[in-house]
Amino acid sequence: MSFAGRVALVTGASRGIGRAIAVGFAAGGADVALVGRDEAALEGTAAEVRAARAEARVVTLQADAADSSQVEAFVTRTQDELGRVDFAVANAGQAVDGLIVRAKPADIDRMLDVNLKSAFFLVAAAARPMMKQRSGSIVLISSIVGLAGNAGQAAYAASKAGLIGLAKSVAKELGPRNVRVNAVAPGLIDTAMTDAMPEKARAHYLATIPLGRAGSPEDVSGVVTFLCSDAARYVTGQTIVVDGGFLM
């Protein structure tokens, strides 16, 4: 997969899956724009990007992806500094667990803002230059919880399920302009978020994964970069599950 001369914008790029996606694009030849709220962590991602390809152009954009005005601004800045936007990956995410009868409105609002509305804003902003250039690929990072649900994660599941509906709808809108939109639904992936899982819950998941292990951020990155590559030029409106066989 060659991304030479192309530009990828990744939200939630500070660490974990977002960081691996950014590095994967850079290793394939792309220049990258990194979006996140933690400036120091973004610089860490930038360092890994440059380690993967020394000549890669990197822009770090400290912003809240759940703020529509900030989203518009960082898409515009990416165009100004890197010349174009070919790929946009909505990876910003947050999880606050708890039974629905104890759910706090503020927690529900924040998960919908970060997990779903941020992706909506990114798609809307990135679609404009992509439609004009009549090419582009957008990937939304959902979750297997958005497909199967999970007790104690109603708000998180709803927000991640919303991404799948968003991907399908926008794929139909943008397809005539040769802009593709897909979702990726990771399962148990070794990140800071899953490190906080109770050991009993983690053991349960591992026992039911046919491949017998948790995934790595690079396992997700490989699927994302494939979906943005020319090898996937006839793939749109799909949700690709990356879970080691858990949902079979």
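Q: How do β1 and strand β2 pair, and over how many bridges?
A: In this predicted model, β1 and strand β2 (residues 31–36) run in the parallel sense and are joined over five bridges.

Q: Which residue in β2 is the bridge partner of V7?
A: The partner of V7 in β2 is D31.

Q: What packs on the sheet, touching β2 and β3?
A: Helix α2, residues 39–52, touches both β2 and β3. The direction of α2 makes about 165° with that of β3.

Q: And which strands does helix α9 touch?
A: Helix α9 (residues 217–228) packs on the sheet against β4 (87–90), β5 (136–141), β6 (179–186) and β7. Its direction makes about 165° with that of β6.

Q: What is the order of the strands in the open sheet?
A: The seven strands follow the order β3-β2-β1-β4-β5-β6-β7, with parallel pairing.

Q: Why is one side of β3 and of β7 left without a neighbour in the sheet?
A: β3 (58–62) and β7 (239–242) stand at the edges, and each has a single partner strand, so one side of each has no neighbour in the sheet.

Q: What does the twist average from one strand to the next?
A: The average twist is 15° from one strand to the next.

Q: Back to β1 for a moment: is T11 buried or exposed?
A: T11, which is found in strand β1 (residues 7–11), is buried, because its relative accessible area is 4% and buried means under 20%.

Q: Which residues does T11 touch, leaving out those up to four places away in sequence?
A: T11 touches V35, A65, F74, V89, A90, N91, A92 and L122.

Q: Now A22: where does it lie, and is it buried or exposed?
A: A22 lies in helix α1 (residues 16–27). A22 is buried, with a relative accessible area of 0%.

Q: What does A22 touch, again leaving out residues up to four places away in sequence?
A: Its contacts are V10, V32, L34, T45 and V49.

Q: Changing topic, how do the axes of helix α3 and helix α4 cross?
A: The axes of α3 (residues 68–82) and α4 (residues 105–133) come within 9 Å and cross at roughly 30°. The crossing is right-handed.

Q: Which residues meet there?
A: From α3, S68, V71, E72, F74, V75 and Q79 meet F121, L122, A125, A126, R128 and P129 of α4. By class, this contact has eight nonpolar, two polar and two charged residues.

Terms used:
Residues are numbered from 1 along each chain as its sequence is written. This is a predicted model: local features need pLDDT of at least 70, side-chain atom pairs count only at pLDDT 80 or more; totals for chains, interfaces and linings use all residues. Side-chain values use heavy atoms; hydrogens and water are left out. Helices (H or I, at least four residues) and strands (E, at least two) are DSSP runs, numbered from the N terminus. Buried means under 20% relative accessible area, exposed over 50%, partly exposed in between (1.4 Å probe, protein chains only). Contact means heavy atoms within 4.5 Å. Axes are lines fitted to C-alpha atoms, for helices over the stretch in contact, and angles run from 0 to 180 degrees between N-to-C directions. A crossing is left-handed if the near helix is turned anticlockwise from the far one by less than a right angle, and right-handed if clockwise. Ala, Val, Leu, Ile, Met, Phe, Trp, Tyr, Cys and Pro count as nonpolar, Asp, Glu, Lys and Arg as charged, and the others, Gly among them, as polar. Two strands pair if DSSP finds at least two bridges between them.
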